Amino acid sequence: MRRGVALVMVMFLLTFLVVVVYQFVMTVRVDRRLARNTVAQRINYYACRGALNLARAYIEKDGKENTLDTLNDCWATGEQLEDLKIGDATVEMRIVDAESLFNLANLSKQTNKFYSRTKNGLSRLVSYLGLEEDDPDNQTIAPAVTDWIDQDKKGDYEDGAENRVPRVLEELMLVPEVTERVYYGWIDTEAEQEYKGLREFLTLWGSGRININTAPKEVLVAMSGAIDEEKADNIIEYRQEESFKTPNDLVKVSGCADVFNRDRTLRAALTTVSTFFQVRIRSEANGCVMRVRAIVRRLPGATETVVWKEEER
């Protein structure tokens, strides 16, 4: 009887020790993993900071060398901006002219001279991107975003509206109509078609004008009813050979001779010189990834970082 009890006690103690040892090993593994992740994130953080400094150097260098901003400038074509290796991190970086995008700050007040242009441009952009999935002919996204930002209380989408400019672009997803699919875009695997999201074409920084030397096709098509897809293609083809020195040069493009007659406020809404740039950075170290979106403002002979935003995707 005593031997049986002793055997049970020994088995119990052995089981207890096995559990303790197992828990200890698992705790050590978790702690090591957390430590590695922490180290990797610090590596990524400083790699992103280093990449941003490099981007600022390119933007500053270009400002000293050129009076125009185009897609042929060093900030857009620099070889050092691709396949970066910073310490133990692999970095991807892209610089985008923020003034090649629609500036939602224009929607803050109806007295803003670019309010109507931005409102209508946003509507055309949503249509061109095919983001109204339920009923393409019944727009809800653009009016909802406009009502969420503008300061008046009149509109069909004022319920819950903040009536202010977003602090960061991600706040657009607080608008019920702006889903993750609308904001980030998505891929239709069956149709093998990619739908770009609003994030790629919107900004909160800039003069409010659009740089015709750098604007993507989607923005060119959406910024004016006088510019269709064919004219946008012609604009892109023209600027590959010769930069627009002033907005007036737009009439030199095939099919665009009458654009300023058809859209009399377009000329004032265009520019060829930019001040704000968006820097998109992705760093990976030891299997951990960090994504950053920063805004850099170019000053005379210098630059400054005005926004640093770590993103989930």
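Reply: By class, 10 nonpolar, three polar and eight charged residues line the largest pocket. Here Ala, Val, Leu, Ile, Met, Phe, Trp, Tyr, Cys and Pro count as nonpolar, Asp, Glu, Lys and Arg as charged, and the others, Gly among them, as polar. The model is predicted: local features need pLDDT of at least 70, side-chain atom pairs count only at pLDDT 80 or more, and totals for chains, interfaces and linings use all residues. Residues are numbered from 1 along each chain as its sequence is written, and side-chain values use heavy atoms, with hydrogens and water left out.

A pocket is an open set of points on a 1 Å grid over the protein atoms alone, where a 1.4 Å probe fits, with protein on both sides within 12 Å along at least five of seven lines; lining residues have an atom within 4 Å of a point. Volume is the space filled by probe spheres set on the points, which are joined across faces, edges and corners.

The largest pocket holds about 370 Å³. Its lining counts 21 residues, and Arg94, Ile95, Val96, Pro216 and Arg280 lie nearest the centre. Helix 2 (74–77) and strand 2 (89–97) each give two or more residues to this lining. Strand 2 gives the largest share, five residues. Helices (H or I, at least four residues) and strands (E, at least two) are DSSP runs, numbered from the N terminus.

The second largest pocket has a volume of about 290 Å³. Of its 13 lining residues, Arg280, Ile281, Arg282, Arg291 and Arg293 lie nearest the centre. Strand 2, strand 9 (276–285) and strand 10 (288–299) each supply two or more. The lining has three nonpolar, no polar and 10 charged residues.
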